[in-house]
Amino acid sequence: VTKQNDMEHLWNHTEKTIAGKVQILVNKAGVNPSHGWKPCIDIMLYGVMIGSFMARERMGRLKVIINLNVCARPFRI
């Protein structure tokens, strides 16, 4: 979910497979914070934004709802 190219490939493959436009995107990615801060930010912030902006571009602005998770569970620094 952290690479725009992968998301574009997934979107194109999905539209080809269903022979139509994607109507709904559940854009919810997450990783346990024990994997470190960089994967956490890359997946749960950057990855969600890649998917959200692509959905807005492909589906239209009025159909997109962003559900942004900051962290799967609280953790101490």
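Predicted model: local features only at pLDDT ≥ 70, side-chain atom pairs only at ≥ 80, totals over all residues.
Buried here means under 20% relative accessible area, exposed means over 50%, and partly exposed is anything in between (1.4 Å probe, protein chains only). Residues are numbered from 1 along each chain as its sequence is written, and side-chain values use heavy atoms, with hydrogens and water left out.

**Helix packing**

- Helices (H or I, at least four residues) and strands (E, at least two) are DSSP runs, numbered from the N terminus; here α1 covers residues 4-18 and α2 covers residues 37-59.
- Two packed helices are described by the angle between their axes and the distance between the axes.
- For α1 and α2, the angle is about 40° and the axes are 10 Å apart.
- Those axes are lines fitted to C-alpha atoms, for helices over the stretch in contact, and angles run from 0 to 180 degrees between N-to-C directions.
- That makes α1 and α2 oblique to each other, given that under 35 degrees counts as roughly parallel, over 145 as roughly antiparallel, 65 to 115 as roughly perpendicular and the rest as oblique.

**Salt bridges**

- Side chains of opposite charge can pair when their charged atoms come close.
- Searching the whole structure turns up two salt bridges, each being a side-chain nitrogen of Lys or Arg within 4 Å of a carboxyl oxygen of Asp or Glu.
- Arg58 pairs with Glu15, with 3.4 Å between the closest N and O atoms.
- This pair ties together distant parts of the chain, as Arg58 sits in helix α2 and Glu15 in helix α1, 43 residues apart.
- Glu15 is buried, with a relative accessible area of 16%, whereas Arg58 is partly exposed.
- Asp42 and Lys38 make a salt bridge too, at 2.8 Å from N to O.
- Both Asp42 and Lys38 belong to helix α2 and are four residues apart, about one turn of the helix.
- Asp42 counts as partly exposed at 24% relative accessibility, and Lys38 is also partly exposed, at 47%.

**Surface patch**

- Trp37, Ile41 and Leu45 form a nonpolar patch on the surface, with about 350 Å² of accessible area together.
- Patch members have over 30% relative accessible area and no salt bridge; like charges are joined within 9 Å and nonpolar side chains (Val, Leu, Ile, Met, Phe, Trp, Tyr) within 5 Å.
- The areas come from the Shrake-Rupley method with a 1.4 Å probe, and for residues only the protein chains shown count as cover.
- Ile41, placed in helix α2, is partly exposed with a relative accessible area of 41%.

- Most residues other than glycine have a negative phi, and most peptide bonds are trans.
- Ala19 has a phi near 55°, a positive value in a residue other than glycine.
- Ala19 lies in the loop between α1 and α2 and is exposed, with a relative accessible area of 72%.

**Contacts across the sequence**

- Arg58 comes up again here: Arg58 and Val22 are 36 residues apart in sequence but 8.1 Å apart in space, C-alpha to C-alpha.
- Met49, in helix α2, is partly exposed at 24%; Met49 and Asn27 are 22 residues apart in sequence, with 8.9 Å between their C-alpha atoms.
- Gly51, also in helix α2, is buried with a relative accessible area of 0%.
- Gly51 and Lys3 are 48 residues apart in sequence and 9.7 Å apart in space, C-alpha to C-alpha.
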